[in-house]
Amino acid sequence: MTIRDLSCPGCGAPVHLEEKASYRTGKLIYYCKPCLTRYGLALQEEEAPPASPTSDMSAQTQRLRVQRKMPPKTASLEELISPGERAPLPPGVALTLELAEGPDDGRAIKVEWSRAVLGREAADILIADPGISRRHALLEIYDAETVLLKDLSSTNGTYHNGRLIDHCKLQDGDEIRLGTTLINILLDPAA
């Protein structure tokens, strides 16, 4: 049996190699699309009989052992970004996003939650800029000194004071750019 001949023991459909999962785990991980099952294939060597002068060494084979595992429960992006109820801003913190450039130029947005997704469609703070992803960046406010901005794998990236970032800590007066929109951060810790 070759690797190409592998089929799902449950439904008989061909299984597909998951390269990323295999690389992370160090063993071959196959996935059956029809029955939504993952299989880990471990190579196991068989003990070879003592070689005789007339034996064919190419007849030795390796046996694949199929281990059925339940697919892992993966959290949706919604659960990862906004778990549970929304929490209000910490006491004594007021944050305003002032849109300085872009389609919503001149608009000021008062942030009311400690976690808010900035984006074009499926977001807490909507910005009408076609250069912004549906869910572009996450704003997290812990206290007046700890305001974090995280890029949510956006297409065009998130810029903080002119530098492309994955995540950063924000301060009063900082500028962030999402698409063509420039946003000034106005943080008032004494509110």
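Two helices and 15 strands make up the secondary structure of the protein chain in this predicted model. The chain has 191 residues, of which 34% count as buried. When contacts between residues at least 6 apart in sequence are considered, 41% join residues at least 24 apart.

The largest nonpolar core contains 26 residues. Those touching the most other members are Leu95, Leu97, Leu118, Leu139, Leu149, Leu170 and Ile183. Two or more residues of this core come from each of β5 (94–101), β6 (108–111), β7 (115–119), β9 (137–143), β10 (146–151), β13 (167–170), β14 (175–178) and β15 (181–188).

Leaving aside residues up to four places away in sequence, Leu97 touches Arg107, Ala108, Ile109, Val111, Leu118, Ile125, Leu139, Ile183, Asn184 and Ile185.

Five strands form an open sheet with mixed pairing, in the order β8-β7-β9-β10-β13. At the edges of this sheet stand β8 (125–126) and β13. Each of these has a single partner strand, so one side of each is left without a neighbour in the sheet. Within the sheet, β9 and β10 run antiparallel and are joined by six bridges. Ile141 has Val147 in β10 as its bridge partner.

Key. Residues numbered from 1 in each chain as written. Predicted model: local features only at pLDDT ≥ 70, side-chain atom pairs only at ≥ 80, totals over all residues. Heavy atoms only, no water. Helix = DSSP H or I, 4+ residues; strand = E, 2+ residues; numbered from the N terminus. Buried < 20%, exposed > 50% of the residue type's maximum accessible area, 1.4 Å probe, protein only. Contact = heavy atoms within 4.5 Å. Core = buried A, V, L, I, M, F, W, Y, C linked by side-chain atoms within 4.5 Å. Pairing = 2+ DSSP bridges.
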